[in-house]
Amino acid sequence: MAGLMVVGSAALAGLVRPASAPDPAGGQRVLPVPPELTGLLPSRGLRRGSTIAVATGQPRRSGGTSLVLALLAEASRAGSWCAVVGVPTFGAGAAAEAGIVLDRLALVPQPGPEWPTVVAALIDGVDVVVAAVPATVSASVANRLAARARQRGSVLVPYGRWDGADVTLQVVRGVWEGLGQGRGRLRRREVTVSARGRGAAARPKEIKVWLPGDGLTRIIPRSAAVPAASVTGRSTAGRLRPVPPAFPTVPPASAVPPDRGGLAVVGPG
């Protein structure tokens, strides 16, 4: 896998596309998302200049990372650069499986106290910036970063609590399928994703999708709801279902030891 290690946030400026440079995604104002998620967003995609928050919920490992992967995949395939800041467990292998192009993915697992500076620099030249929100971020800093995204035409995706986002997405329920009583393998997860926001997104929305499922995010028809027995890996008749191989072990982004306060960037080597 091609990769590049950069030490120090000062080197970040040379890695991002200047705001005045040609847009590799063709100048499109709305970056694509999987068709199943379009109904949650007022522009049916990631509108440049907007702030689309992904709430983490409790516990933090509640499906939010899978939702982030799904949001980035289509834009990445369409030619956009993406960055993920402050999520050391975000794995490049999982990103590739979701369809994200690693040559256009920057990972900054440990931004340290320079978090606002790193996020601002990435907003200046990266199309979609996912940033885990530290508890210490003030409202004034959040407002400045959102304003910078509007000015530069980037899509800011705060991962965590973020007041004032145009849209906030959250996995509110999730049920794994395939695990039996002491046997079986996790196959996919049925999740319920809610959306709330302001303006055109003021009316709350909710959908159910498989995430992951069949290699792609897939909406669940109302008539195909998962019966409770499926969580055990058995059909309602009591027969075991065939189970595909287990998910591969994905090396976390933190497997590349970053310099403290530095950057680990996955991109052209």
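Which backbone oxygen does the side chain of Ser-50 reach? In this predicted model, local features need pLDDT of at least 70 and side-chain atom pairs count only at pLDDT 80 or more, while totals for chains, interfaces and linings use all residues. Residues are numbered from 1 along each chain as its sequence is written, and side-chain values use heavy atoms, with hydrogens and water left out.

The side chain of Ser-50 reaches the backbone oxygen of Arg-47 at 2.5 Å. Ser-50 sits in the loop between strand S3 (46-47) and strand S4 (52-55). Strands (E, at least two residues) and helices (H or I, at least four) are DSSP runs, numbered from the N terminus. Ser-50 counts as buried because its relative accessibility is 2%; buried means under 20% relative accessible area, exposed over 50%, and partly exposed in between, with a 1.4 Å probe and protein chains only. Setting aside residues up to four places away in sequence, Ser-50 touches Ser-154, Val-155, Leu-156 and Asp-166. Such contact means heavy atoms within 4.5 Å.

The loop between strand S2 (30-31) and S3 holds Arg-44. Thr-38 is found in the loop between S2 and S3. Thr-38 is buried, at 12% relative accessible area, whereas Arg-44 is exposed, at 53%. The side chain of Thr-38 reaches the backbone oxygen of Pro-35 at 2.8 Å. Leaving aside neighbours within four places in sequence, Thr-38 is in contact with Val-33 and Arg-44. Most residues other than glycine have a negative phi. Arg-44 is not a glycine, yet its phi is positive, at about 60 degrees.

The largest nonpolar core has 41 residues. A nonpolar core is a set of buried Ala, Val, Leu, Ile, Met, Phe, Trp, Tyr and Cys residues joined through side-chain atoms within 4.5 Å. Leu-46, Phe-90, Leu-105, Val-128 and Leu-169 touch the most other members. Helix H1 (residues 64-77) gives the most to this core, with 8 residues. Another core, of 22 residues, lies apart from it and includes Ala-83, Val-119, Ala-131 and Ala-149.

Helix H3 (residues 115-125) and helix H4 (residues 139-152) pack with their axes 9 Å apart, at an angle of about 10 degrees. Axes are lines fitted to C-alpha atoms, for helices over the stretch in contact, and angles run from 0 to 180 degrees between N-to-C directions. H3 and H4 are therefore roughly parallel, a label for angles under 35 degrees. H3 contributes Trp-115, Pro-116, Val-119, Ala-120, Ile-123 and Asp-124 to the contact, and H4 contributes Val-141, Leu-145, Arg-148, Ala-149 and Arg-152.

Notes. Parallel < 35°, antiparallel > 145°, perpendicular 65-115°, else oblique. Polar contact = N/O pair within 3.5 Å; in protein donor to acceptor, adjacent residues only side chain to side chain.
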